[in-house]
Amino acid sequence: MTAHYSPHYGERLSQAQEAALHNAFAGVLITGDKVVDRIEAMGRLDILEALGLHSAATPQERARRLQARAVGTNRMNWPGLRDELHSQHKVVTDLLDALRAAPGAVPVPDPAIVAKLWLMKGFARDGDIITVNGVPVPASEEQLRCFVVLRYRPLFSPLADPARIYRGDTDYDRTHTTDALQARIILVSTRSYLDSLIALQTGGFELFVAIWLRQMDRADMLIRQMEQQDLPPCYARSRIRNRAICLRLSCAVMNEYERGFDLLFALRAELGVTHKSVRQALRSSSSMTRLQTAPNATGRYAASAAGHIRVIHPTMNEAPPKAAPDLIHAQVDSAFTHAALFTGRNPRVRHDNGRNGRPIRFYRGVEPAMILPVMLIQMVESMVAYEGPFWMRGVPKNAGNGYRLPDRRSFDVMSLATIIAIPICLSSARAIAGGTGAQDDDQWTRDTVRTLLTPSSRQLDAEVEDDQDYMDRRMATGEKAQKTIDPTEGQFAERFKNAYGDARKRARSCAPATGEPGWTQGFRFDAWWKPDAELHFLRRCSRFLQYDPEQALKARAWSVPMSRVPHPSGRPMTAADCYTGLPSQHPLERAQDLFRPYFTMVQAPDRMASRHGGTVYREYLIREIAALLPTLNPTTDDPFLYEMVWREEMMGPKGSEQRRKAEYRQAIAVEAAWNC
């Protein structure tokens with residue numbers, strides 16, 4: 001129940017704020033069109049009329065949407081979106097570019113498989129490349145090997161020749177793939193996934209195509225229809241005997257890898273969005289129009305800050321924005337000014353020693369250099385929920401002492417994160433590995449890849465574990481696992497140990513546990529099979545908080561003058577003492593006040609028949625919103641989320657750790673009392 005009675009209560013979204021938010025969330029209007037399209041397809045124009053959306057059905061609006069479809073802008077590529085592949089998807093365009101760059105290296109398709117694909121809607125052929133609705137689909141086993149390597153290229157050595165991987169040369173595969181690392185970290189590897197796809201290409205072709213196109217709903221239906229013995233075998237070391245579950249886990253893991261690639265690419269250092277460049281962009285402009293029309297990524301990011309919580313909720317800032325002709329621009333500038341990343345209050349951002357500047361764009365409070373380690377940590381946690389602790393499973397007792405330690409696992413996680421990051425964002429890869437950065441990029445890449453992927457540098461090489469003669473000798477003599485590590489790997493191990501600890505802290509705060517509201521924004525890969533996971537949460541969000549006079553009286557009773565609250569030193573409390581970065585109005589209440597006219601359109605009694613216009617519109621709308629929750633957008637790309645990770649270290653006066661925490665907690669208590 002809302003009890004707020006300050007001047008902020010009842011404020012509505014202004015036309016300028018609405019325009020700024022439309023520019024901040026690029027493509028949100030087209031996403032809304034999809035909701036209207038569904039209602040039009042039902043022939044329920046009466047619903048649009050009742051909701052005040054009848055203009056969406058006018059000839060002019062329909063012509064605009066047809067034009068948008070013609071140029072392809074109706075399929076916005078939101079980074080981090082868990083969706084099926086289409087012709088404009090980044091995964092598809094990158095794969096096509098790689099195939100067309102070396103047409104002679106594309107294997108010949110199998111006529112029998114081509115005949116099956118020809119029966120599918122959207123079939124097309126360009127030389128040896130077969131596409132379905134613009135998406136390349138492997139049409140032979142050799143093409144499948146080639147396409148998998150190109151599609152998941154970051155999972156292989158940057159020094160590798162893609163044409164030689166998975167072509168029968170086991171020695172080459174051992175030194176140029178990360179399959180051993182993947183299997184140790186998360187059981188599933190690219191090689192095991194490839195084996196499953198090969199089996200489905202011959203024994204379950206429809207399911208193979210659905211998995212390749214990331215059509216998860218259709219794939220789920222086909223998996224349920226198939227017999228267990230017709231599905232591919234489970235991956236190695238799995239305790240799960242249900243092949244359907246293992247196949248779902250394998251698909252979800254590989255899809256989540258692609259999502260991680262996509263997010264890091266959108267945040268890469270080459271775009272030039274840094275702490276310094278954003279500050280310069282704000283100082284060199286005085287209006288949102290200048291930022292929105294900027295030709296560079298920095299201007300577009302600064303314009304998207306209109307959707308950050310400190311802008312929508314200015315009561316979080318220590319001081320109100322200065323008076324300016326463009327109030328939204330002033331609020332954006334004030335929001336960045338009060339962000340801990342800009343004020344420099346104990347920042348702990350991991351970056352490449354200033355080579356590309358300190359980053360300012362994060363995902364859920366995680367800087368680009370830590371995206372992949374956090375992704376791997378959360379993926380491992382998700383796998384443990386299905387497989388249990390699998391670290392030592394299948395490893396001989398005498399051989400496993402080295403891998404039993406957490407340091408070995410942390411080294412593997414950070415090694416894989418470094419290898420993946422190199423072709424996507426070299427700056428992030430160098431930040432993960434640490435070091436002085438004196439080497440040039442090419443030499444650093446060669447040395448790092450050889451150190452992390454050379455079998456001789458591993459304590460537990462997969463090939464050694466499979467050497468039965470070697471294992472028999474060790475078991476007979478009682479010889480323990482070798483502990484020797486070359487000096488270069490030892491340096492990496494020490495750096496990775498510290499970085500892994502930071503990554504674990506970020507992983508805990510990046511997103512809640514599975515099943516909690518907002519959990520799909522993290523890297524829990526089982527979200528690929530649960531598209532309705534957030535719907536209950538969003539339905540609750542669309543309900544009003546109603547004004548309660550009794551709660552208002554309680555709030556007034558607590559709203560005592562600040563000077564009457566004693567400071568530990570005995571002097572009167574000041575605003576600076578009580579500043580915590582927390583809002584002085586409930587965030588949900590603030591959002592519902594601003595967007596009240598829009599929420600009115602989705603309000604309907606919960607038990608009313610589903611054919612009611614408001615209920616239909618709300619259901620379609622929240623399904624679109626649920627899909628956008630885990631994407632890179634102004635809500636997830638907000639610097640304030642980083643402060644939540646290190647809040648206790650960033651807030652409070654200088655002094656001992658115990659004193660700082662005590663005063664910080666007292667400030668929170670005062671803030672809570674004022675907003676009770």
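**Helices α12 and α13**

The axes of helix α12 (residues 216–225) and helix α13 (residues 243–266) come within 11 Å and cross at roughly 165°, where axes are lines fitted to C-alpha atoms, for helices over the stretch in contact, and angles run from 0 to 180 degrees between N-to-C directions. Helices (H or I, at least four residues) are DSSP runs, numbered from the N terminus. This is a predicted model, in which local features need pLDDT of at least 70 and side-chain atom pairs count only at pLDDT 80 or more, while totals for chains, interfaces and linings use all residues. Residues are numbered from 1 along each chain as its sequence is written, and side-chain values use heavy atoms, with hydrogens and water left out.

The two helices α12 and α13 are therefore roughly antiparallel to each other, a label given to angles over 145 degrees. Their crossing is right-handed, meaning that the near helix is turned clockwise from the far one by less than a right angle. On the α12 side, Met 216, Asp 220, Ile 223 and Arg 224 meet Ala 244, Leu 247, Arg 248 and Asn 255 of α13, contact being heavy atoms within 4.5 Å. Sorted by class, this contact holds 4 nonpolar, 1 polar and 3 charged residues, with Ala, Val, Leu, Ile, Met, Phe, Trp, Tyr, Cys and Pro counted as nonpolar, Asp, Glu, Lys and Arg as charged, and the others, Gly among them, as polar.

Arg 214 counts as buried at 3% relative accessibility, and Glu 258 counts as buried at 4%, buried being under 20% relative accessible area, exposed over 50% and partly exposed in between (1.4 Å probe, protein chains only).

For another setting, Asp 532 forms a salt bridge with Arg 623, the closest N and O atoms being 2.8 Å apart. Here Asp 532 lies in the loop between α26 (487–510) and α27 (535–541), and Arg 623 in helix α32 (residues 613–628), 91 residues apart. Asp 532 is partly exposed at 42% relative accessibility, as is Arg 623 at 35%. Salt bridges that share partners join Asp 83, Arg 151, Arg 214 and Glu 258 into one network.

Technical notes
Parallel < 35°, antiparallel > 145°, perpendicular 65-115°, else oblique. Salt bridge = Lys/Arg side-chain N within 4 Å of Asp/Glu carboxyl O.
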